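Good morning, and thank you for coming.

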Amino acid sequence: MSYIDGFVIAVANDKRAEFIAHAEQVDRLFVDFGALRVVESWSDEVPHGNVTDFYRAVQAQDDEAIVFSWVEWPDKATRNAGMAKLRDHPAMTAGPVPFDGKRMIFGGFSTVYSIEK
């Protein structure tokens, strides 16, 4: 089954276009290095919770949106090889990114169930 890398970040609302341009460049590399699909999602209906929520998880400020992203790989071996190539690619260190990477949460997930139409 597929392997998923998931990411949650906070991005300033006035940097939305800059974030999308960054994603278009970097996400192409994920696909070039074996990913099946990359999805970038800008918050639309993300509630503030009483105990925990996406905003707290990434210490989002009032002027920041939540971005929820994932990369789908065919398997973990392809993901590991692709991520190794990404780490060494010059685009990954080619200037500032439009978000604070120190507040990003991320992780890799083994698919245990999937359903599609």
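R103 has a relative accessibility of 15%, and therefore counts as buried, since buried means under 20%. Please keep in mind throughout that this is a predicted model.

Which residues share salt bridges with R103? Salt bridges with shared partners join R103, D100 and E64 into one network. Let us take the two contacts in turn. Between R103 and D100, the side chains meet in a salt bridge with an N to O distance of 3.2 Å. D100 is partly exposed, because its relative accessibility is 31%. Between R103 and E64, the N to O distance in the salt bridge is 2.8 Å. This second pair links distant parts of the chain: R103 lies in the loop between helix 3 and strand 4, whereas E64 belongs to strand 3, and 39 residues separate them. Both R103 and E64 are buried.

The count for the model comes to five salt bridges. Another of them joins R56 and D53, with the closest N and O atoms 3.6 Å apart. Are these two partners buried or exposed? R56 is partly exposed, at a relative accessible area of 42%, while D53 counts as buried, at 12% relative accessibility.

I turn now to helix 3, which covers residues 76-88. With 13 residues at 1.5 Å a residue, helix 3 should span 18 Å, and its end C-alpha atoms lie 19 Å apart, which agrees. Which residues of helix 3 are buried? They are R79, G82, M83 and L86. These residues cover an arc of only 100° around the axis, so they sit on the same side of helix 3. The buried residues of helix 3 pack against strand 1, helix 1, strand 3 and strand 4. On the other side of helix 3, A77 and D88 are exposed.

Two further places deserve attention. In the loop between helix 2 and strand 3 we find Q59. Its phi is near 50°, a positive value in a residue other than glycine. Q59 is exposed, with a relative accessible area of 54%.

Finally, V112, Y113 and I115 make a nonpolar surface patch of about 420 Å². I115 is located in the segment after strand 4, and counts as exposed because its relative accessibility is 66%.

Thank you for your attention.

Note on methods: Residues are numbered from 1 along each chain as its sequence is written. This is a predicted model: local features need pLDDT of at least 70, side-chain atom pairs count only at pLDDT 80 or more; totals for chains, interfaces and linings use all residues. Side-chain values use heavy atoms; hydrogens and water are left out. Patches are made of residues with over 30% relative accessible area and no salt bridge: like charges are joined within 9 Å, nonpolar side chains (Val, Leu, Ile, Met, Phe, Trp, Tyr) within 5 Å. Accessible areas come from the Shrake-Rupley method with a 1.4 Å probe; for residues, only the protein chains shown count as cover. A salt bridge is a side-chain nitrogen of Lys or Arg within 4 Å of a carboxyl oxygen of Asp or Glu. Helices (H or I, at least four residues) and strands (E, at least two) are DSSP runs, numbered from the N terminus. Buried means under 20% relative accessible area, exposed over 50%, partly exposed in between (1.4 Å probe, protein chains only). The expected span of a helix is 1.5 Å times one less than its number of residues. The arc is that of the directions from the helix axis to the C-beta atoms. Contact means heavy atoms within 4.5 Å.
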